[in-house]
Every structure is written in C-alpha cells, then in structure tokens.
Amino acid sequence: MLEPADLELIHLTKRYGAATAVDSIDLRVPAGAYCCLLGPSGCGKTSTLRMIAGHESATEGDILIGAANVTDLPPAKRGTAMMFQSYALFPHLSCVDNVAFSLKMKGVDKAARRKKAMEFLELVAMTPYAERIPAQLSGGQQQRVALARALVTDPQILLLDEPLSALDPFLRVRMRAELRRFQKQLNIPFIHVTHGQDEALALADLVVVMNKGRIEQTANPRDLFEKPATEFIARFLGGHNVIATPGGPVAVRADRMTVRRNGGGGDNEVRFVAAVRAIEYQGAHYQVALDHPGISELVALVSDEQFAEEPLNVGDSVSVLWADKDVHALAPVT
C-alpha cells in the first residue's frame with residue numbers, strides 16, 4: 001500500500017458556464033485524517049470531491065496529493081479511489097470478482113487478484129459471502145463490498161460520495177462506526193461528502209462546512225458545534241438558536257436554554273417571555289418550540305426529569321433564560 005499523503009486544494013474553482021459551483025477554495029487535509037465535506041444540496045461539496053477524483057476538471061486552481069500536483073492527471077493516475085453513493089456493483093459478478101475487477105483491468109493474474117480481493121473482503125468481514133452476487137446481499141453488505149473494491153487498489157486517499165444515504169437509520173449508525181474503524185486501521189485520508197450533520201460530527205476529525213461554493217468553516221467536530229463561525233453554520237448544524245442583539249447575531253444552544261413558567265433559573269438570567277408553540281417528546285428530553293416576536297425557530301431542550309417536575313403545555317407563557325457564558329457571537333449571513 002502507498003504511504004498516506006496530505007491532500008491540499010489551492011484556489012480550487014469549478015464553473016459550469018456562468019454558474020460557479022466551487023469558488024476558489026483552499027483546504028489542507030492531513031494524511032490519516034477523516035474529513036467530511038458538509039453542506040446543503042448545491043453547496044459545491046460533490047463537485048469538489050469529483051475534482052479531487054478527476055471525474056470533473058478544475059476550472060482554476062490546483063490539487064496536490066503529497067508532493068504531486070495531480071490537477072491534470074486522469075483518475076487512475078492520482079492515487080485516489082472513489083466509493084459511489086449507488087455502490088455501482090456489477091450485478092452479474094460475485095463479490096470477490098467485483099472486488100478484483102480493477103486488478104483484472106490492470107492485468108493482474110487471476111490467482112493474485114483473487115487472493116488480494118479475498119484479503120479485502122476479510123477486512124470488511126465479507127469473506128463468507130465471497131461467491132454471492134449483489135442481489136443476494138443486504139444494503140450494508142453491498143456497501144462493504146463496494147468499500148473493499150475501492151480499497152483493493154491501495155489508494156493514498158479514499159473518496160466517499162454520501163456512502164450511507166441508502167441505508168436505514170439503524171444500519172447507518174452501525175456503518176458509521178465501521179467506516180471510522182476502517183479509516184483508522186488503514187491510516188489513509190477519507191474524504192466523505194454528506195449533508196447529514198450528525199454523520200459529519202460522529203465521523204470526522206475535520207469537518208469542512210460549505211455554502212454557495214465556498215468554505216464557511218473548517219474545524220474539528222467539537223469546535224464546530226461549540227463555536228459555529230457564522231449564522232448559516234449555526235442554523236445548518238441545528239441545536240442552536242440564532243438571536244439578534246445590538247452587537248450582532250449570537251447563538252445559544254438549545255440544550256443551554258431554560259424555560260420556566262414562573263421565572264428563576266439559578267445562575268441563568270431571564271431574557272424574555274415566550275409562548276410555547278409545540279412540544280415533542282424525544283426520549284431523554286422534550287423539544288419545546290417557542291414563539292417570540294422577531295425570533296424564528298426558537299427551541300429549548302428540556303430534560304425529561306425537569307419536564308416531569310414542571311410540565312408544559314402548548315400556549316403556556318414561559319420565561320426564557322440562559323447564562324452569559326453560553327452566548328456565542330456569530331458573523332452575519334453574507
């Protein structure tokens with residue numbers, strides 16, 4: 001296997017006619033890191049991934065893998081491998097033949113390519129299914145085969161285009177843990193495109209939030225959630241309330257807000273009065289949606305224990321409280 005390599009994007013730009021999909025972004029992903037490109041549909045994350053892979057040409061800028069500038073190289077010469085959203089397995093080939101296919105195209109003899117394919121099927125715990133065709137596999141099993149097929153070429157970097165989107169929620173969580181384990185075991189960069197905030201926070205060492213073709217923030221998951229840089233990020237991540245103040249917009253996490261029918265909240269300060277608009281039970285807590293003039297999508301999370309002590313009803317008037325330490329200043333939407 002080749003040595004893991006840093007990935008660096010320098011002023012990388014992609015235009016489709018007059019439309020700019022990726023707007024002069026700069027990014028460095030260290031060797032061995034799990035990086036998630038996160039953002040809404042149309043933000044430029046998939047175009048960025050496809051340019052790294054060589055499936056889209058860069059309009060401007062450079063793509064460096066280690067010391068090599070691969071901007072103009074074909075996909076097969078870049079040292080990358082791509083795992084597609086659809087998995088794209090050959091339906092008529094067995095698992096082992098699917099994994100070995102790229103080696104066959106390179107002229108590797110049958111015994112050698114089968115041996116290597118079986119090694120990677122073992123890595124993803126699919127050895128017992130080696131002779132099955134894709135139609136005989138579950139979605140999670142197909143994903144493992146697709147992952148083995150991508151890794152069998154010994155890439156320096158693995159690119160993943162929304163690899164969990166086709167799975168049911170339970171399996172998605174399970175496969176997140178497996179992807180993370182594979183990445184640490186192989187110690188190569190994984191560049192993973194997703195629009196799922198929970199997925200990015202759970203998987204990544206480095207989260208890159210994109211919006212309108214630009215990078216809004218690059219940070220580790222904890223720093224990103226604790227200190228979103230912009231109003232867009234706070235709203236997109238969820239779990240934050242964006243509130244206009246005289247000094248500019250601020251974010252207050254929903255789990256740091258307190259609601260009381262009669263005021264009073266320990267060290268917290270009463271900020272305003274709001275009306276309860278909706279209540280959703282979510283297991284460990286209740287999500288309480290609030291109405292207050294001038295603030296949209298105001299939400300507080302109330303623990304099930306607190307809710308049992310002081311039940312709330314739709315229409316109740318409540319005091320909304322939080323501590324000064326839980327206020328985080330934001331850059332406004334541009």
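Student: In this predicted model, what makes the crossing of helix 3 and helix 4 right-handed?

Tutor: A crossing counts as right-handed if the near helix is turned clockwise from the far one by less than a right angle. Helix 3 passes helix 4 in that right-handed way.

Student: Which residues make the contact?

Tutor: Helix 3 brings F120, L121 and L123, while helix 4 brings V145, A148 and L151. Phe, Leu, Val and Ala count as nonpolar, and the tally for this contact is six nonpolar, no polar and no charged.

Student: On to the aromatics. How many aromatic pairs are there?

Tutor: The count comes to six aromatic pairs.

Student: Why is the pair Y34 and F190 called tilted?

Tutor: The ring centres are 5.3 Å apart, and pairing needs them within 6.5 Å. The planes stand at 50 degrees, so the pair is tilted: stacked needs under 30, edge-to-face over 60. Y34 sits in strand 3 and F190 in strand 8, so the pair ties together parts 156 residues apart in sequence.

Student: What makes F232 and F236 stacked, then?

Tutor: Their planes are at 10 degrees, with centres 5.7 Å apart, so this pair is stacked, the cut-off being under 30 degrees. F232 and F236 both lie in helix 8, four residues apart, about one turn of the helix.

Terms used. Residues are numbered from 1 along each chain as its sequence is written. This is a predicted model: local features need pLDDT of at least 70, side-chain atom pairs count only at pLDDT 80 or more; totals for chains, interfaces and linings use all residues. Side-chain values use heavy atoms; hydrogens and water are left out. Helices (H or I, at least four residues) and strands (E, at least two) are DSSP runs, numbered from the N terminus. Contact means heavy atoms within 4.5 Å.
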